[in-house]
Amino acid sequence: MTKTIMLILAGIAVGGVAQASEDLAKAKNCLTCHAADKKIVGPSYKDIVAKRAGEKGAEAALAQKIKAGSKNEWGTVPMPPNNVSDAEAATLAKWVLAHK
C-alpha cells in the first residue's frame with residue numbers, strides 16, 4: 001500500500017471515530033450539560049482542554065470523572081455519575097480532549 005493511500009485511510013478512520021464519539025456523547029446525554037465552546041451547566045469542552053493541558057494522565061483522569069462523576073471542580077454544581085462502560089468513558093474522554 002502506498003503512503004498516500006495509508007494516510008487517506010487513517011484520515012477516514014479518525015473522522016469516523018470523531019463522529020462515533022459525538023454520537024456517543026449525544027446518546028449518553030453529555031450535550032445536555034456541555035457544549036464545545038460555551039458553558040451550559042458544566043464547562044465547555046474547550047475549557048476542560050485548557051484546564052487539563054499538559055496534565056499527565058489527563059485522559060484516564062477525565063474518563064474516571066465521566067464514569068464516577070465529580071464535584072467542586074467547576075463550581076458548586078456536581079456532575080453526577082454516568083451510566084457508561086470503562087471503554088465508553090475512555091472514548092468520551094479522548095473525544096473531549098480533542099476539542100482544541
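## Around Glu 73

Glu 73 touches Lys 51, Arg 52 and Lys 65, leaving aside residues up to four places away in sequence; contact means heavy atoms within 4.5 Å. Glu 73 sits in the loop between H3 and H4. Its side chain makes a polar contact of 2.9 Å with the side chain of Lys 65. A polar contact is a pair of N or O atoms within 3.5 Å; within protein, one must be able to donate a hydrogen and the other to accept it, and residues adjacent in sequence count only if both atoms are side-chain atoms.

This is a predicted model: local features need pLDDT of at least 70, side-chain atom pairs count only at pLDDT 80 or more, and totals for chains, interfaces and linings use all residues. Residues are numbered from 1 along each chain as its sequence is written, and side-chain values use heavy atoms, with hydrogens and water left out.

## The fold

The chain has 4 helices and 0 strands. Its pattern along the sequence is α-α-α-α. Helices (H or I, at least four residues) and strands (E, at least two) are DSSP runs, numbered from the N terminus.

Of the 100 residues, 28% count as buried. Buried means under 20% relative accessible area, exposed over 50%, and partly exposed in between (1.4 Å probe, protein chains only). Ala 60 belongs to helix H3. Ala 60 counts as exposed because its relative accessibility is 57%.

## The nonpolar core

The largest nonpolar core holds 17 residues; Tyr 45, Ile 48, Leu 62, Ile 66, Leu 92, Val 96 and Leu 97 touch the most other members. Helices H1 (3–27), H2 (45–52), H3 (58–68) and H4 (86–97) each give two or more residues to this core. H4 gives the most, with 6 residues. Such a core is a set of buried Ala, Val, Leu, Ile, Met, Phe, Trp, Tyr and Cys residues joined through side-chain atoms within 4.5 Å.

Val 96 touches Tyr 45, Ile 48, Val 49 and Leu 62, not counting residues up to four places away in sequence.

## The lining residues

Cys 33, His 34, Gly 42, Pro 43 and Met 79 lie nearest the centre of the largest pocket, which is lined by 31 residues. H2, H3 and H4 each give two or more residues to the lining. A pocket is an open set of points on a 1 Å grid over the protein atoms alone, where a 1.4 Å probe fits, with protein on both sides within 12 Å along at least five of seven lines; lining residues have an atom within 4 Å of a point.
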